[in-house]
Each structure stands twice: as structure tokens, then as C-alpha cells.
Amino acid sequence: MVVPVHNEQTDLEPCVRRLHAYLVDEFPYPFRITIADNASDDGTLAVANSLAAELPAVSVLRLAEKGRGRALRAAWGGSDAAVLAYMDVDLSTDLAALPPLVAPLISGHSDLAIGSRLSRGSRVVRGAKREVISRGYNLLLKGTLAARFSDAQCGFKAIRADVAARLLPLVRDTGWFFDTELLVLAERAGLRIHEVPVDWIDDPDSRVDIVSTAVADLRGIWRLGRGLAAGTLPLAELRAGFGRGPLPAPSAGVPVGLPRQLVRFAAVGVASTLAYAVLFALLRGGLGAQAANLVALLVTAVANTAANRRLTFGVTGRRHAGRHHVQGLLAFGLGLALTSGSLAVLHAVTGTPPRLVELGVLTAANLAATVSRFVLLRVAMVHGNQRPDRVAPPDREARAGRADREARADREARADREARADRADGGSQGAHSVGKAVR
């Protein structure tokens, strides 16, 4: 258990004493506590050394630079424990959640475990501002990085040591974004993340600078998203190393991830429709209705295809990107026909309709085209990527097993032919003997 600290001379001693007492009295596994001092310039290091001298299984790691991610990388990387964990020094999370946090890792069922303040069963006491910021950040992760975990930044996490050894070298951030990057990479590599609902009480004396942390997080999201989109991260190797391969092909007629795709497609569709409405309203006065409709629909169609390709259907890299965008433009053509036709009918019936009525009719037609767009894109990006040329070649063991089966079948066929030949030869010899006796 790592407790990262920076200038926490007041909170450190009661935190470590309470944590140590809980682990001695309640925790069923062997443990160690490492106080990771991130370049404190107050009395934190002296308090940490005093605790280490007094309490068994408590040690101190001193770092010359700040950064929670840097502290965790150093402490976890230098540990020989089978399970690595950390928690914030303020002990906002109830320690009763610790056994459920590590149990799935010890059993081997999960690869990482996180405390969640946003899942069902959690009980949280904190101010409205932090609640909004936390939920907004996690919604941002879901929208930009397609994250499925519920709470990226709760200071209560654990990871198996073998997983950490492979995953930590891929994590570049050394500050607060470290947690998010670790979880997103783990999820993309197919690792299993276990979530534990926690009881959590906000620390009013938190030292986190919200503005600078938010800016750093946005930079981290941009950097990580760019790396994932470009396919430069060796996640396939990590997936192969831990045996978290894709599920076998589903039965015929069973859609893959359809409910989740529908939700994400709807979210992208709403954003695209709003963007379309804004662009049309801005361009309507200078270009006229039909030209403004064409430009607004074309721009949002390209952006919609890129967003759905990445977020809805999970297609990354440049492979087939051109084909997907061409098929997206076919969907654009369908949307253009619907919207232009609706616009023409509206003008023919009403002459010069009010702008709001015009915009409302176009928006309705655009939404009607969305259903057709989903079907076309899903066929292009899901079923189109399941062609025979995308099937992975059999691995070495599969090829060896097939070769063994073919060799065994050849031996059995050869043995059968020899047996038939022996029987035939034996029959001819018997007939010769009988004829000789008769003669």
C-alpha cells in the first residue's frame, strides 16, 4: 500500500496510524505500507521517518520531484509484492472497501481494481462544485476516449504486479492524469477492471489546484487520444501477453455490442445535429437555404463519420479509413436528399417560411436520416471488417495440432490399406492350399 504525500506533515501521522491499525486487526493478508514523499519541503519527511522507525512494515521512499504518478511508478516498480495499491493520505475512502478491492486481484479474476464514487452502492459526501467537476470529467472521458469505467480519479486503486510490470512503461504522465492513462490503456488492452463502490467523504483541506489539474488532464486526453487513433501504442502485445483476446465470433444473427453502439451513435448524432443547426443558421443569410444546407451537412457528415468510426464502432488507425469515409458520404447523400427535399416541399407549400420553422423541418429530416446512416455505417465498419481477409491466421499451436491430426489420419489410412492387403493375400494363400489338397 503506497501513500503518496507532498507537504502533509499534519495529516500523515493519523492517516498511517489508522491505516496500519486496520491492516493489523482486519486485513487477512500480509502487507507493507510505503510512504512516498514527493519532494516535500515541510516536516513531512521527518514524520514519515518517525513512523517507519516505530511501526513494523512501514517504510519511506523519498523522491526529489513532485507528481503522484511519479511516486506510484517508483514505489510500485521497486516492490516485490504480488498486489500493488495506493490510497490518498486524507483517508476519504472508508478502509472497509480495501478487502473487496484486492480480493479479485489475489484470486486472479481481475487485473486492476478501482474504488468508485459514481457507481451504484457508493455513498459520497462532498460539495456541489467537486461533484459537478468529477462527473463532468468522467463524462468527458466517455465521450472522447470511450472509457467504460465509472470513476477515473478516486484515490483508491490496486493492480496485480505482473500487470503493472507490463503496463507502467506505457504510461507517460507523472501527475494526476496518471490514473486515467493507466486505466484507459488497461481497458484498451482488454484487461479486466474491477470496480468497488466506496463510502467517501470529501476532505475540505484538499491541496489539488483544480484549474492547473484540469488543463493538464485536457492535454493528457488529447495526447492519449492521438496515440490511440494513430495506433502507435503496443496494446495488442499487452493483450496477447495476458490472454485477454477477443471473444469468439458470435452466432449468426446476433449483433455485436448493438445496445452500446446505439447509445454512442445517438450521442454523436445529437452533437452532429446541433452542430448542423448552428452552421446552417450562420451560413443561411450569406449563402441561401440550399447552399447553407449543403455546406453544413457536408461538414458535419465528415465529422460524424470520423466520430462514429472511433467512438461508436471502435475502429482505429488508418486502415480502411478512406473506404469508411466514402461510405459515410453515401450516407451524406441520403441525408442531403432528405433535407433538400424537405426544404423544397416546405418552400413550395408556404412560400417563405419563418427561419425557425425552416430550421425545425431540416432538423427533423436530418434526424430521420440518422437511422439510415447508422445502418449503413454499421454494415461498413462492423460487418465489412469481418471479411475473410481480416481473419487472423492460425497460431503456431493450431497449425501444429492440425498437422498432427493430418499425419495421424494418413497413418490410419495406410494401416487400413495394409490390413486389407494382408487379408486379401491371406485369402489367396488359403484358396491355393485347398486346391492343392483336392488335387
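Colleague: What share of the residues in the protein chain is buried?

Modeller: In this predicted model, buried residues make up 40% of the 439 residues in the chain. The cut-off for buried is under 20% relative accessible area.

Colleague: Which secondary structure elements does the chain hold, and how many?

Modeller: The protein chain has 14 helices and 9 strands. As for the contacts with a separation of 6 or more, 76% of them join residues 24 or more positions apart.

Colleague: Where is the largest nonpolar core, and which residues have the most contacts inside it?

Modeller: A nonpolar core is a set of buried nonpolar residues joined through side-chain atoms within 4.5 Å. The largest one here has 40 residues, and W76, L112, F149, I159, L167, L182 and L191 have the most contacts inside it. At least two residues of this core come from each of α3 (68-77), β4 (83-87), β5 (112-116), α5 (128-145), α6 (161-167), α7, α8 and α9 (235-241). Helix α7 gives the most, with 6 residues. There is also a second, separate core of 34 residues, which includes V47, L91, V102 and L105.

Colleague: Take T180 in helix α7. Is T180 buried or exposed?

Modeller: Relative accessible area decides that, with under 20% counting as buried. T180 has a value of 0%, so T180 is buried. Leaving aside residues up to four places away in sequence, T180 touches Y137, L141, A152 and Q153.

Colleague: How should I read the packing of α7 and α8?

Modeller: Start with the angle and the axis distance. Helix α7 (residues 178-188) packs against helix α8 (residues 210-230) at about 20 degrees, and their axes are 11 Å apart. Angles under 35 degrees count as roughly parallel, so α7 is roughly parallel to α8. Their crossing is right-handed. From α7, the contact uses E181, V184, L185 and R188; from α8, R223, L224 and L228. By class, that contact has 4 nonpolar, no polar and 3 charged residues.

Colleague: And α1 with α2: at what angle do these helices pack, and which residues meet?

Modeller: Helix α1 (residues 12-25) and helix α2 (residues 44-54) pack at an angle of about 25 degrees, with axes 10 Å apart. That angle makes α1 roughly parallel to α2, and the crossing is right-handed. On the α1 side, L12, E13, V16 and R17 take part; they meet T44, V47, A48, L51 and E54 of α2. The classes in this contact are 5 nonpolar, 1 polar and 3 charged residues. V47 of α2 is also one of the residues of the second core.

Conventions
Residues are numbered from 1 along each chain as its sequence is written. This is a predicted model: local features need pLDDT of at least 70, side-chain atom pairs count only at pLDDT 80 or more; totals for chains, interfaces and linings use all residues. Side-chain values use heavy atoms; hydrogens and water are left out. Axes are lines fitted to C-alpha atoms, for helices over the stretch in contact, and angles run from 0 to 180 degrees between N-to-C directions. Helices (H or I, at least four residues) and strands (E, at least two) are DSSP runs, numbered from the N terminus. Angles under 35 degrees count as roughly parallel, over 145 as roughly antiparallel, 65 to 115 as roughly perpendicular and the rest as oblique. A crossing is left-handed if the near helix is turned anticlockwise from the far one by less than a right angle, and right-handed if clockwise. Contact means heavy atoms within 4.5 Å. Ala, Val, Leu, Ile, Met, Phe, Trp, Tyr, Cys and Pro count as nonpolar, Asp, Glu, Lys and Arg as charged, and the others, Gly among them, as polar. Buried means under 20% relative accessible area, exposed over 50%, partly exposed in between (1.4 Å probe, protein chains only).
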